[in-house]
Amino acid sequence: MLTRADFLSLNFVKKEDFTGSHKGIRFMLHMETIEEEKKLKVYLWSEPFGFEATPDDEKISELFAFSEDGLAEAIDWMNGKYEYVKNKKQPT
């Protein structure tokens with residue numbers, strides 16, 4: 001289970017994407033500006049490949065507020081999608 005301690009500060013995400021993995025899944029946190037509002041876009045996909053090598057149709061994503069509350073919601077979302085993403089194994 002992912003926790004807040006597994007992630008760097010949102011200030012890091014302002015400057016560059018934060019990527020990581022957890023027990024068979026990979027994730028990326030990305031700051032996106034939509035209508036002049038900062039949003040936290042979270043991508044999930046199954047291992048073994050990185051973001052660029054994984055086809056878009058094998059990733060899922062969701063938008064959250066770019067705040068600590070939004071990050072907490074994103075972590076809950078990632079934990080809720082864990083089994084779904086892990087079971088979408090990519091061919092090796």
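Guide: Start with Leu-2, which sits in the segment ahead of α1 (10–15). Helices here are DSSP runs of H or I with at least four residues, strands are runs of E with at least two, and both are numbered from the N terminus. The model is predicted: local features need pLDDT of at least 70, side-chain atom pairs count only at pLDDT 80 or more, and totals for chains, interfaces and linings use all residues. Numbering starts from 1 along each chain as its sequence is written, and side-chain values use heavy atoms, without hydrogens or water.

Leu-2 has a relative accessible area of 5%, so Leu-2 is buried (under 20%; exposed is over 50%, partly exposed in between, with a 1.4 Å probe and protein chains only). Set aside the neighbours within four places in sequence. Leu-2 is then in contact (heavy atoms within 4.5 Å) with Phe-7, His-22, Phe-27, Ile-75, Met-78 and Asn-79.

His-22 belongs to strand β1. Its relative accessibility is 16%, so His-22 counts as buried too. The His-22 side chain reaches the backbone nitrogen of Met-1 at 3.1 Å. Beyond four places in sequence, His-22 is in contact with Met-1, Leu-2 and Tyr-82.

Now follow the chain. Strands β1 (residues 18–22) and β2 (residues 25–34) pair antiparallel over five bridges; pairing takes at least two DSSP bridges. His-22 has Ile-25 of β2 as its bridge partner. Two residues separate the strands in this hairpin, and Lys-23 has a positive phi near 45° there. Lys-23 lies in the loop between β1 and β2. Lys-23 is exposed because its relative accessible area is 60%. Most residues other than glycine have a negative phi, and most peptide bonds are trans.

The next hairpin joins β2 to β3 (residues 37–46). These strands run antiparallel and are joined by ten bridges. Ile-34 is bridged to Glu-37 in β3. Again two residues lie between the strands, and Glu-35 takes a positive phi near 50°. Glu-36 sits in this loop between β2 and β3, and its phi is also positive, near 65°. At 79% relative accessible area, Glu-36 is exposed.

The peptide bond from Glu-47 to Pro-48 is cis, with omega near 20°. Pro-48 lies in the loop between β3 and β4 (60–65).

How values were computed:
A polar contact is a pair of N or O atoms within 3.5 Å; within protein, one must be able to donate a hydrogen and the other to accept it, and residues adjacent in sequence count only if both atoms are side-chain atoms.
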